[in-house]
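Visitor: I would like a close look at a single part of this structure. Please take me through it step by step, and show me what lies around it.

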Amino acid sequence: MTKRLYNFFPRGGGSDPAINPSFLPVLRARCPLNGDVNARLPIDQGSEQTFDIHIMQNIMNGFAVLESDARLRDDVTTRTVMDSYLGLFNNPLFNRPFFQSDFADSMVKMGQIGVKTGFQGEIRRTCSRFN
């Protein structure tokens, strides 16, 4: 987070230009330079306790907390998928995809990629650290 807010590459300093200017001071207040690197932020500002399409709206409007989410806007293919979830090019002849069910399906699929079992893998007690 620190690099994204204070020393974004390839800009050689400054913040990620994908961050909405009104959101940048909020992020910097929660993650000050040389501050606690373990500070926790909700990744979906405005509907932190609900799993819904709001995160897509945040990403599209520059309120992505995670850089990986912000990069979804950069690629034509992923931006088109996001637009379809948000109904930005809604065609009445077709049903809009359902973000929640698609997300759940993708998590199941990702969970089956190269699954390690027994002594080959581990379940981390703390996500950011190896056991």
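Guide: Start with Asp52. Leaving out residues up to four places away in sequence, Asp52 touches Asp44, Ser47, Phe99 and Gln100. This is a predicted model, so read every contact as part of a prediction. Asp52 sits in the loop between helix 2 and helix 3. One of its partners is held by a polar contact: the side chains of Asp52 and Ser47 are joined at 3.0 Å.

Now turn to Asp44. The UniProt record, an unreviewed entry, places the feature "binding site" at Asp44 and Asp52. Such annotations may be inferred rather than shown by experiment. Asp44 also belongs to the loop between helix 2 (24-30) and helix 3 (54-60). Is Asp44 buried or exposed? Its relative accessibility is 8%, so Asp44 counts as buried. The cut-off for buried is under 20%. Neighbours within four places in sequence aside, Asp44 is in contact with Thr50, Asp52, His54, Ile55 and Asn58. Look at Ile55 in that list. A polar atom of the Asp44 side chain lies 3.4 Å from the backbone nitrogen of Ile55.

Asn34 is found in the loop between helix 2 and helix 3. Asn34 is exposed, because its relative accessible area is 76%. Its backbone is worth a look too. Most residues other than glycine have a negative phi. The phi of Asn34 is positive, near 65°.

Ile55 is part of the largest nonpolar core, which has 10 residues in all. Its other members include Met56, Ile59, Met82, Tyr85, Leu86 and Phe99. Helix 3 and helix 5 each supply at least two residues of this core. Another core lies apart from it, with eight residues, among them Leu5, Phe23, Leu24 and Leu41.

Take helix 5 next. This helix covers residues 76-86, and its buried residues are Met82, Asp83, Ser84, Tyr85 and Leu86. What covers them? Helix 3 and helix 6 (99-111) are included in that cover. Met82 shows some of the detail. Apart from residues up to four places away in sequence, Met82 touches Met56, Ile59, Met60 and Leu72. Check both ends of helix 5 as well. At its start, a side-chain oxygen of Asp75 comes to within 2.9 Å of the backbone nitrogen of Thr77. Just after helix 5, Gly87 takes a positive phi of about 75°.

Finally, go back to Phe99. Phe99 was one of the residues touched by Asp52, and Phe99 is also a member of the largest nonpolar core. With a relative accessible area of 8%, Phe99 is buried. Phe103 counts as partly exposed, because its relative accessibility is 35%. Both lie in helix 6, four residues apart, which is about one turn of the helix. The structure holds five aromatic pairs. For Phe99 and Phe103, the ring centres are 5.8 Å apart and the planes stand at 45°, so this pair is tilted. Phe51, Tyr85, Phe99 and Phe103 form one aromatic cluster.

Technical notes:
Residues are numbered from 1 along each chain as its sequence is written. This is a predicted model: local features need pLDDT of at least 70, side-chain atom pairs count only at pLDDT 80 or more; totals for chains, interfaces and linings use all residues. Side-chain values use heavy atoms; hydrogens and water are left out. Buried means under 20% relative accessible area, exposed over 50%, partly exposed in between (1.4 Å probe, protein chains only). Contact means heavy atoms within 4.5 Å. A polar contact is a pair of N or O atoms within 3.5 Å; within protein, one must be able to donate a hydrogen and the other to accept it, and residues adjacent in sequence count only if both atoms are side-chain atoms. A nonpolar core is a set of buried Ala, Val, Leu, Ile, Met, Phe, Trp, Tyr and Cys residues joined through side-chain atoms within 4.5 Å. Rings of Phe, Tyr and Trp (its six-membered ring) pair if their centres lie within 6.5 Å; planes under 30 degrees apart count as stacked, over 60 as edge-to-face and the rest as tilted.
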